[in-house]
Amino acid sequence: MKKRTIFGNIYIILAFIFLYMPIAVLILFSFNSSNSTSNFEGFSFKWYGELFSDAATLDALKNTLLLAILSSLIATVIGTMAAYGIHKMRNKHLKSSIMSVTKIPMINPEIVVGISMMLLFVFVGGILGSKSYLGFGTVLIAHVTFNLPYVILSVLPKFKQMDKSLPEAAQDLGCTPLQSFFKVELPAILPGVVSGLIMAFTLSLDDFVISYFTIGSGFETLPIRIYSMTKKRVTPDMYALSTLIFVSILVLLLLSNLTSDKSREKMSKKAKKITKIVVGTAFGVIGIITVIVLIVSAGTKTLTLNVYNWGEYISDGGEGTLDVNRAFEEYYEEKYFLETGERVNVSVNYTTYASNEDLYAKLKSGATGYDIIIPSDYMIQRLKSENLLQKLDLNKIPNYANIKEQFRNPFYDNGEEKYTAMYTYGVIGIIYNSKKLHPDDLAKIEAGEAGWELLWDEKYKGQILQFNNPRDAFGTAMYALGIDVNNATEEDWKKAQEYLKEQKPLVQSYVMDEIFNKMEGGEATLAAYYAGDCLCMIGNNEDLGFYYPRKNGEVVTNIFADAMCIPSSAENVDLAHEYINFMLSEEAAVANAEYIYYASPNKAVIENEGYQINMGKYEIEYKLDENGEEVPKLDEDDCYIPVLDENGEMIIDEEGDYFVIYDDVLEDNLEDMFNTYAYRDLEDESRATLNQKWEELKVDSQSFGGGIYIFCAVILVALIAFGVYCYIIKRKRRRLYWNTQK
Amino acid sequence: MNEKKIIELKNVAKSYDGEVILDHINLDVHEKEFMTLLGPSGCGKTTTLRIIAGFVTPDTGDVVFEGVKINDIPAYKRHVNTVFQKYALFPHLNVYENIAFALRLNKISEEEIYNRVEEMLAMVNLKGFEKRDVNLLSGGQQQRVAIARALINKPKVLLLDEPLGALDLKLRKDMQNELKNIQRKTGITFIYVTHDQEEALSMSDTVVVMADGKIQQIGTPTDIYNEPENAFVADFIGESNIIDGVMLDDYKAKFSGHIFECLDKGFEKNERVDVVVRPEDVDVVPPEKGMLTGVVTSVTFKGVHYEIIVNINNFKWMIQSTDYVEPNQKIGIYIEPDAIHIMKRSEYSGQFGDYSSFSDELDRLSDISEEEE
Amino acid sequence: MQRAAAAPHVVWAVLFIIAPLLFVVYYAFTDKNGSFTFSNIGAIFQASYLEVFLRSLCFAFLATVICLIIAYPIAYFMAKAKPKTQKVLIMLVMLPQWLNFLIRTYSWMALLEDTGIINSVLMGIFGLEIPPLHMINTSGAVILGMVYNYLPYMIIPLHSVISKIDPKLLEAAADLGCSPLRVLTKVVFPLSMSDIVSGVTMVFVPSISTFYISQKLGGGNFDLIGDTIERQFQTAYDYNLGAAMSFVLMLIILVSMAIMNRYAGEDDGGVVV
């Protein structure tokens with residue numbers, strides 16, 4: 001007996017270690033002094049501070065709570081009524097068919113529930129011709145829908161347990177049916193209602209999948225925000241938030257557990273009454289706050305600007321930087337007051353996406369209502385051709401003059417009328433870990449001879465990261481093979497696909513912004529990525545280096561530009577112009593350029609002394625002087641890219657700043673590069689081919705061992721054999737007595 | 001008893017969380033005996049049974065089975081089977097499989113299993129019920145299945161833990177007879193736990209009355225009824241009037257202010273004793289002829305007799321009589337010497353104020369509160 | 001009259017439960033122009049997609065079996081504890097579920113990476129020479145992610161059924177000669193069969209349809225049905241193919257559940273070996 005308890009205890013302890021290991025990690029790293037989520041560098045509370053200054057996260061938290069409260073309340077009301085109705089139903093067929101339909105959202109996989117509702121909204125929205133049909137309303141409907149079965153299933157048993165003569169007794173004593181429901185039946189089923197409410201609230205709070213497919217613009221819940229973060233890098237302030245949530249729930253549960261056992265018995269009736277009142281008031285207060293929030297947000301004059309941008313693509317006020325969106329709010333509120341003498345409340349609703357395709361999917365699926373989007377070149381072409389963008393009124397954007405001449409007529413927007421204002425541009429380069437790279441290859445990079453082929457090098461099997469989006473991934477192969485990325489034939493696509501299939505066994509994983517963690521943490525050796533992000537990573541790990549892939553001495557890689565646009569469905573067009581204008585101002589543009597490290601097309605930035613100092617323009621001369629090397633002469637029209645020392649490594653000073661200089665190769669070719677290597681929007685046919693080839697590549701699984709199938713099959717066969725064995729034994733046993741009478 | 005001892009409990013004690021459940025018990029069970037452990041709930045009777053079955057390990061003392069100490073032998077290795085209070089039939093098995101359960105554990109051929117199960121079914125009158133779902137059987141039928149299941153392995157001892165508690169009165173009477181018959185037929189030792197004294201008296205060869213973790217008395221039903229050893233036994237078994245008295249001399253007891261002749265001796269002079277008089281042994285006589293007199297406070301018709309409550313010297317006597325008397329009527333009572341039973345005083349003396357009878361209902365109420373804990 | 005209280009729910013269910021499913025079917029059997037076609041369903045039977053389905057089935061199956069094997073003893077030992085301890089243990093099992101599953105999965109990455117915490121600890125114990133244990137981006141990591149995320153859904157129903165088994169039944173079995181192990185196989189296991197089925201459903205269904213775990217812990221190398229469906233809606237914009245896949249996924253789940261219910265539903269006479 002004793003031995004078994006010890007074994008059981010050990011087993012349970014192990015199980016809990018398993019369950020709590022990731023949570024321990026999360027709590028530990030919420031106290032990390034650096035922003036790494038894999039290397040603990042020192043204890044600090046700074047992420048907790050960051051959390052409370054992170055408006056977007058707090059906003060998302062507020063949204064999540066609002067959604068959870070509203071949806072659980074609605075579901076509880078409808079669900080309780082439904083349970084009452086179902087309970088009273090006499091027709092068994094009707095009852096059971098309603099119950100089966102009710103249970104569908106519980107049994108169906110979340111993803112199917114999500115997409116089925118999305119299809120409904122898209123279809124109905126399409127028929128109604130409505131511009132924005134995905135939004136708070138749709139996600140609320142979705143949440144109520146999946147909450148309903150849980151409420152009904154927790155209330156219904158209470159009705160069944162209830163003494164049938166209770167309502168009869170009440171009516172016998174003079175209650176109307178309605179009165180008897182509220183006075184007698186409701187109190188009897190209240191525990192079920194409350195537990196249904198709590199369950200619905202919890203489910204709604206935690207839901208990601210269904211929200212993901214039904215959520216619209218300008219409304220971001222916490223899980224959605226975390227999702228877009230995990231595509232890039234989860235900042236430890238998310239860990240801090242999770243830690244706070246975890247601890248508060250733990251405390252709540254412990255309190256309720258401790259009080260329920262001992263003191264509830266001892267608690268006097270008065271105390272019980274008080275608890276009831278407290279709980280009741282708490283719910284009431286939450287409800288009232290919700291109502292007030294709704295009224296306030298509807299009542300005062302608020303201008304909301306929905307900005308949809310890439311993740312970590314704006315200076316957000318973290319670590320002492322300027323919070324550009326808040327600055328804009330203040331700027332415009334003051335401007336409006338000066339011009340009209342009235343107060344206005346401006347609120348920038350900032351949400352993020354991880355790829356052009358995500359953005360396009362959102363716009364296409366009907367999540368319009370965005371006022372500002374910042375897509376890349378080829379996506380702009382496509383959006384323009386589909387009339388999803390509107391032209392800019394340059395009169396309203398005086399700062400447009402800040403954009404350097406050469407960037408005012410990009411290939412995607414070279415007409416008389418302007419649809420875009422360039423935000424940043426950059427190239428795709430290859431980032432590597434110098435500690436893990438073979439010396440020969442390092443030498444090749446230094447000599448400026450390295451190209452794309454390193455990404456196909458057998459030596460780095462399992463150490464290579466590849467883009468997790470079709471355009472960029474195929475791009476790498478096509479640049480490597482010398483195929484024109486914009487005029488590829490079916491044959492070319494096939495060749496590129498073959499090449500990528502060849503690479504697949506070498507690839508550690510297909511990533512987008514997860515690359516930050518993987519490269520900085522030393523998980524991978526080589527990856528192609530956007531230059532600005534590469535600089536960012538190098539800043540966090542000195543072992544990393546960066547080069548432009550060359551072919552026959554010439555840089556052959558993608559160059560891209562991201563530009564601010566106003567979708568044709570925008571609701572605040574004037575404010576959107578103001579926003580673009582503000583973003584082009586020196587203050588905002590410098591802050592952004594310093595924060596995101598991408599090259600800026602903005603004169604005001606390049607000429608800004610602070611920017612030049614921060615980007616190390618002057619220190620280059622000083623540092624290189626010590627080495628006795630000549631310093632390149634810098635012009636106003638410089639393109640800034642990282643400086644490499646004689647070892648081919650980035651020069652970084654003690655503060656972690658790195659030096660960027662003018663690159664003659666790039667500068668000379670900038671125009672050409674845009675013309676040759678920038679992605680153009682593909683014809684529908686090519687796009688279909690690309691998507692299809694990408695699908696084939698993704699689902700192709702050379703790297704996947706067959707062993708697991710065999711293992712699976714063995715278990716399955718064993719289970720079936722066991723079942724058959726049981727069946728046979730049962731038959732054998734029954735043979736003797738099964739035909740006896742009765 | 002000439003049969004040899006099959007189970008001996010030697011100085012067995014058990015306590016839970018400092019609460020003494022069994023207080024150093026000694027008990028011998030003989031072969032082919034129908035022994036009943038009788039007592040109110042919480043007296044330790046069920047614990048005693050569970051110690052024999054092997055579900056509970058005693059803190060001290062030995063359990064001896066056929067001369068071998070079996071303290072450390074787990075339940076599943078003991079040649080003892082149990083019929084549980086609420087039958088504990090396996091809900092996932094049908095009647096046949098429930099009964100065959102024990103046989104299936106060993107490699108026994110299907111034919112033999114079939115024969116033995118059928119034999120058992122015949123014994124408990126359940127032939128033809130083989131493939132019934134046990135959950136759909138009536139209480140009595142479930143009871144029979146439980147008995148058959150416990151007996152199929154031909155245990156040396158069958159333990160029955162209040163097996164009839166959940167049945168209604170009529171069914172209980174039938175089952176009592178049936179159990180007695182089965183015991184006689186099979187010759188298996190039965191140890192039967194109950195709090196129903198009537199059941200105990202009508203079925204058992206030996207009754208063990210327990211209270212507060214101690215054995216109060218062991219004896220045949222008639223001994224227990226007629227010669228209770230102390231006030232507790234007297235009170236628990238049947239209805240009784242227990243009165244404080246003094247033993248003036250051998251065969252001479254004084255109580256209620258009157259000196260009575262009795263058949264008991266061997267007490268010290270003037271020793272304080274408990275006197276038991278069974279209600280049916282009291283005769284109602286006119287006041288002037290009575291040894292004692294009192295006023296009738298209530299009369300209840302009980303079918304066979306009247307139950308008369310008489311206040312005598314502020315002690316309410318219960319009298320069962322076929323003669324009707326009026327309430328508030330003054331009557332006298334007459335007691336034959338052989339109706340007076342003298343007991344030594346014990347810790348239970350004085351606990352039973354007026355006439356007393358152990359209440360089944362109260363016992364069941366306390367059962368419920370115990371289960372809730 | 002009182003039955004009318006169910007009306008709002010019925011309307012809601014028709015609009016937002018049945019209608020969306022009809023749309024899934026509609027999209028599954030139409031092409032981009034809205035005309036009827038079988039080509040979407042046909043496309044799924046290409047070798048590559050078949051493999052995705054097979055892989056998802058296989059991973060979900062293994063995750064479910066592992067969950068069952070891990071969860072059963074936990075539930076069993078938990079049910080043996082004192083009622084008070086049990087309450088706390090249940091709370092502790094459910095507590096991690098309160099944290100967002102994305103972030104929990106994400107922190108597994110930090111644990112499993114080659115330079116991650118587990119490897120650092122191993123190196124600390126065994127010295128620097130040993131090569132890191134390669135865990136992330138393997139099929140094992142994906143299955144681990146599934147097991148981790150859905151284990152509580154297996155433990156809770158199992159625990160509730162095991163703790164409800166009358167202890168007298170266990171004693172009865174022991175009394176009739178069952179060793180502790182046999183008590184488990186002959187009584188506890190058959191009696192918890194119905195809830196094993198519900199636990200299995202609660203692990204299998206989300207496992208087979210998950211789309212996040214494999215992307216994070218499998219490094220995009222193990223495409224599962226969920227990932228493929230998500231891609232149709234979020235990057236490839238092929239709603240029709242996506243709907244067709246969802247339709248097939250639903251069918252798979254319905255069929256597996258029907259099989260399981262059939263298997264567990266046969267309890268007349270009982271399966272005891």
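Predicted model: local features only at pLDDT ≥ 70, side-chain atom pairs only at ≥ 80, totals over all residues.
**Entry 1: chain B as a whole**

I started with chain B and looked up its extent. Its C-alpha atoms fill a box of roughly 80 × 45 × 40 Å along the principal axes. For secondary structure I found 9 helices and 21 strands in chain B. Chain B has 373 residues, and 43% of them count as buried. I also checked how far apart in sequence the contacts reach. Taking contacts in chain B between residues at least 6 apart, 68% join residues at least 24 apart.

**Entry 2: a sheet in chain B**

Next I picked out an open sheet of 6 strands in chain B. Reading across, I wrote down the order β6-β7-β8-β3-β9-β10, and the pairing is mixed. Which strands sit at the edges? They are β6 (80-83) and β10 (214-219) of chain B, each pairing on one side only. On average, neighbouring strands of this sheet are turned by 20° against each other, ignoring direction.

I then zoomed in on one pair. Strand β7 (residues 157-161) of chain B runs parallel to strand β8 (residues 189-194) of chain B, with 5 bridges between them. As an example, I looked up L159(B), and its bridge partner in β8(B) is I191(B). A helix packs on the sheet too: α4 (residues 139-151) of chain B touches β6 and β7 of chain B. The direction of α4 makes about 175° with that of β6(B).

**Entry 3: where chain A meets chain C**

I moved on to chains A and C. Here 91 residues of chain A are in contact with 90 residues of chain C. Which element of chain A gives the most to this side? It is helix α1 (residues 2-30) of chain A, with 12 residues. I sorted the chain A side by class and got 56 nonpolar, 21 polar and 14 charged residues.

**Entry 4: nonpolar cores**

Last, I looked for the largest nonpolar core, which has 151 residues. Which of its members touch the most others? I noted L119(A), A75(C) and M154(C). Helix α3 (residues 47-80) of chain C supplies the largest share of this core, 19 residues.

Leaving out residues up to four places away in sequence, L119(A) touches P20(C), F23(C), V24(C), Y27(C), Y239(C) and A243(C).

How values were computed. Residues numbered from 1 in each chain as written. Chains lettered and ligands numbered in written order. Contact = placed C-beta atoms within 7 Å. Helix = DSSP H or I, 4+ residues; strand = E, 2+ residues; numbered from the N terminus. Nonpolar A, V, L, I, M, F, W, Y, C, P; charged D, E, K, R; others polar. Core = buried A, V, L, I, M, F, W, Y, C linked by C-beta atoms within 7 Å. Buried ≥ 20, exposed ≤ 12 C-beta atoms within 10 Å, placed from the backbone. Pairing = 2+ DSSP bridges. Axes fitted to C-alpha atoms, helices over the stretch in contact; angles between N-to-C directions.
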